[in-house]
Amino acid sequence: MRAIPLLSLLLGGWCVVPAHAGEAQDWLNRLSQAEQQQSFQGTFVYERNGSFSTHSIWHRVQNGKVRERLLQLDGSAQEVMRIDGRTQCVSGSLIAGLGNTPDGTARALDPQKLKNWYDLAVIGKSRVAGRQAVIVALTPKDQHRYGFELHLDKETGLPLKSLLLNDKGQLLERFQFTRLNITEPSDGDLQASAECKAVAQDPDKAPAVKTAWHSDWLPPGFELTSSVARKDPDTKVQVSSLMYDDGLARFSVFLEPLNGATATDTRTQLGPTAAVSRRLTTPQGEMMVTVVGEIPIGTAERIALSMRSDVAAAK
């Protein structure tokens, strides 16, 4: 489960004296450990772009393996089963905001790295789902990322509530438990339904190779974590994808040759997720560059216009 965190702006008129950043780092370390060591089950609500959904979760840590089942309780019965962060089966469509980490492994927060790009502070206490919590704020030091406010369970360090806000204090995303039980789920709880279809690796999928693209500009702190190019089995066109991460926020860049096709520049925002597509003229011809991620839309546009071909640079 990804913590969908946020910002001290929600505290409004509270007179809170933030605790030393060292205490906030300790709590973030507890959060990372809890999700890899603590079994639990419960129900949470997820809000994005003014839309709400309710979900049940069963999360079991056993013999070093993390097994997790998610089930949407309203609307279509979307279901996801994961083992160590890797999707095993899914019904309906993958639940927005609760997807895999790109390499299939859980991502631990690194407070030492995060404090370079966010101000970390313990800013108060709260009570969520009947449990006592400590509020940790991660406030961005620039305009290229969002802030986070985490309400962490005092007993376990698990995220009971998390909020994501933009620089104007507008709520972009909310995750909040309404019920949390820290007992271990049973085998039956972790048994996927018949509608949960197995996710199999396509044996005919073309192997990935390192992509020959880079960005001339990145927001401070974002690093390239994945760079691959694959040939689309249907169109036979090679599509490049790059993923960047600052230890908390992430975005992806996709580059595809237009080959004479018409395409229109677009920019959309759904909650915290920006999607920007721009035509780019390169020595290899016209390309469509698309940037998707939980970053401000102006930052996404600047990244899209900064993509360059390594092939051209080598000539």
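**Entry 1: Glu223 and its partner**

I started with Glu223, which has a relative accessibility of 46% and counts as partly exposed. I keep in mind that this is a predicted model. Next I asked which residue forms a salt bridge with Glu223. The partner is Lys113, and the closest N and O atoms are 3.6 Å apart. I then looked up where the two residues sit. Glu223 is in strand β13, residues 223–231. Lys113 is in helix α2, residues 111–114. The two are 110 residues apart, so I note a link between distant parts of the chain. Lys113 is partly exposed as well, with a relative accessible area of 24%.

**Entry 2: Arg145**

I turned to Arg145. Is Arg145 buried or exposed? Its relative accessibility is 3%, so I put it down as buried, a term that covers values under 20%. I looked for its salt bridges. One goes to Asp142, with the closest N and O atoms 2.9 Å apart. Asp142 is partly exposed, and its relative accessible area is 22%. Another salt bridge joins Arg145 to Asp246, at 2.8 Å from N to O. Asp246 and Arg145 are both buried.

Why does the pair of Asp246 and Arg145 tie together parts that are 101 residues apart in sequence? The reason is where they lie: Asp246 is in the loop between β14 (238–245) and β15 (250–257), and Arg145 is in the loop between β7 (131–140) and β8 (147–153).

I also checked for rings around Arg145. Its charged end sits over the ring of Tyr118, 5.9 Å from the ring centre.

**Entry 3: salt bridges in the whole structure**

I then asked how many salt bridges a search of the whole structure finds. The count is 18. I wrote down one network of salt bridges, which links Arg131, Asp153 and Glu155.

**Entry 4: aromatic rings**

I moved on to the rings. There are 7 aromatic pairs. I picked Phe44 and Phe177, which form an edge-to-face pair. Their centres are 5.9 Å apart, and the angle between the planes is 75 degrees. Phe44 is buried, with a relative accessible area of 0%. Phe177 is buried too, at 2%.

I looked up one more charge and ring. Arg69 lies over the face of Trp58, at 4.7 Å from the ring centre.

**Entry 5: the sheet**

Last, I traced the strands. An open sheet is formed by 11 strands, and the pairing is antiparallel. I wrote the order as β6-β7-β8-β9-β10-β1-β2-β3-β4-β5-β11. Which are the edge strands? They are β6 (118–128) and β11 (197–198), and each pairs on one side only.

I reminded myself that strands of a sheet pair through backbone hydrogen bonds. Then I checked one pair of neighbours. Strand β9 (residues 159–165) is joined to β10 by 5 bridges, and the two run antiparallel. Leu165 has Leu171 in β10 as its bridge partner.

I finished with helix α1, residues 21–37. This helix lies across β2 (51–62), β3 (65–72), β6, β7, β8 and β9. It runs at about 65 degrees to β6.

Methods: Residues are numbered from 1 along each chain as its sequence is written. This is a predicted model: local features need pLDDT of at least 70, side-chain atom pairs count only at pLDDT 80 or more; totals for chains, interfaces and linings use all residues. Side-chain values use heavy atoms; hydrogens and water are left out. A salt bridge is a side-chain nitrogen of Lys or Arg within 4 Å of a carboxyl oxygen of Asp or Glu. Helices (H or I, at least four residues) and strands (E, at least two) are DSSP runs, numbered from the N terminus. Buried means under 20% relative accessible area, exposed over 50%, partly exposed in between (1.4 Å probe, protein chains only). Rings of Phe, Tyr and Trp (its six-membered ring) pair if their centres lie within 6.5 Å; planes under 30 degrees apart count as stacked, over 60 as edge-to-face and the rest as tilted. A charge sits over a ring if NZ of Lys or CZ of Arg is within 6 Å of the ring centre and within 35 degrees of the ring normal. Two strands pair if DSSP finds at least two bridges between them. Contact means heavy atoms within 4.5 Å. Axes are lines fitted to C-alpha atoms, for helices over the stretch in contact, and angles run from 0 to 180 degrees between N-to-C directions.
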